[in-house]
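The sequence and the model are shown first.

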Amino acid sequence: MTKVMKNLEKISLVLGLLALLVSWIFKDAWIGHARPLGFTSLYICPLLGLLGILASIRNKNLVFGLLNLALVGSFFLIMSLGYMILG
């Protein structure tokens, strides 16, 4: 249990990136009102990112705190990349 709490910022980052990858692979399926990539980037990744930020503040780990901050803003990052690539 203490190993999980000690590595919580790493675990939440990996889970968030894995969720983004899986939702990108299954991007044509519908989940409720949104496609999987939208649902994941709007709901799942910000929650995991906030959890990771709190754990990285507790463990004083700045690198994973910034990476989890990018996970919180994953919707805006994905949307801006989509607009830049697709026009």
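Which residue takes a positive phi just after α5? That residue is G87, with a phi of about 85°.

The model is predicted, so local features need pLDDT of at least 70 and side-chain atom pairs count only at pLDDT 80 or more, while totals for chains, interfaces and linings use all residues. Residues are numbered from 1 along each chain as its sequence is written, and side-chain values use heavy atoms, with hydrogens and water left out.

**Overall architecture**

The secondary structure of the protein chain consists of five helices and zero strands, in the order α-α-α-α-α along the sequence. Helices here are DSSP runs of H or I with at least four residues, strands are runs of E with at least two, and both are numbered from the N terminus. The C-alpha trace spans about 40 × 25 × 20 Å along its principal axes. Of the 87 residues, 28% count as buried; buried means under 20% relative accessible area, exposed means over 50%, and partly exposed lies in between, with a 1.4 Å probe and protein chains only. The accessible surface comes to about 6200 Å², and carbon and sulfur atoms make up 79% of that surface. Accessible areas come from the Shrake-Rupley method with a 1.4 Å probe, and for residues only the protein chains shown count as cover. Among contacts in the chain with a separation of 6 or more, 58% join residues 24 or more positions apart, a contact being heavy atoms within 4.5 Å.

The expected span is 1.5 Å times one less than the number of residues. Helix α3 bends by about 35° at C45, and the proline P46 follows within four residues. The bend is the angle between axes fitted to the seven residues ending at a position and the seven starting there.

The buried residues of α3 include P36, T40, C45, P46, L48 and G52. As a group, the buried residues of α3 pack against α2, α4 (62-72) and α5 (74-86). Helix α5 has 13 residues and reaches 18 Å from its first C-alpha to its last, close to the 18 Å expected at 1.5 Å a residue.

Just after α3, K60 takes a positive phi of about 55°, although K60 is not a glycine. Most residues other than glycine have a negative phi. K60 lies in the loop between α3 and α4 and counts as exposed because its relative accessibility is 76%.

On the surface, V4, I11, L15, L18, L21, V22, W24, I25 and F26 form a nonpolar patch with about 850 Å² of accessible area together. Patches are made of residues with over 30% relative accessible area and no salt bridge; like charges are joined within 9 Å and nonpolar side chains (Val, Leu, Ile, Met, Phe, Trp, Tyr) within 5 Å. A salt bridge is a side-chain nitrogen of Lys or Arg within 4 Å of a carboxyl oxygen of Asp or Glu. Helix α2 (residues 8-25) gives the most to this patch, with seven residues.

S12 also lies in helix α2. Leaving aside neighbours within four places in sequence, S12 is in contact with L48, G52, N68 and L71.

| Residue | Relative accessible area | Class |
|---|---|---|
| S12 | 2% | buried |
| L17 | 48% | partly exposed |
| V22 | 41% | partly exposed |

V22 and P36 are 14 residues apart in sequence, with their C-alpha atoms 8.6 Å apart. L17 and D28 are 11 residues apart in sequence, and their C-alpha atoms are 19 Å apart.

R35 is placed in the loop between α2 and α3 and counts as partly exposed at 40% relative accessibility. The C-alpha atoms of R35 and S23, which are 12 residues apart along the chain, are separated by 8.4 Å. Not counting residues up to four places away in sequence, R35 touches K27, D28, A29 and W30.
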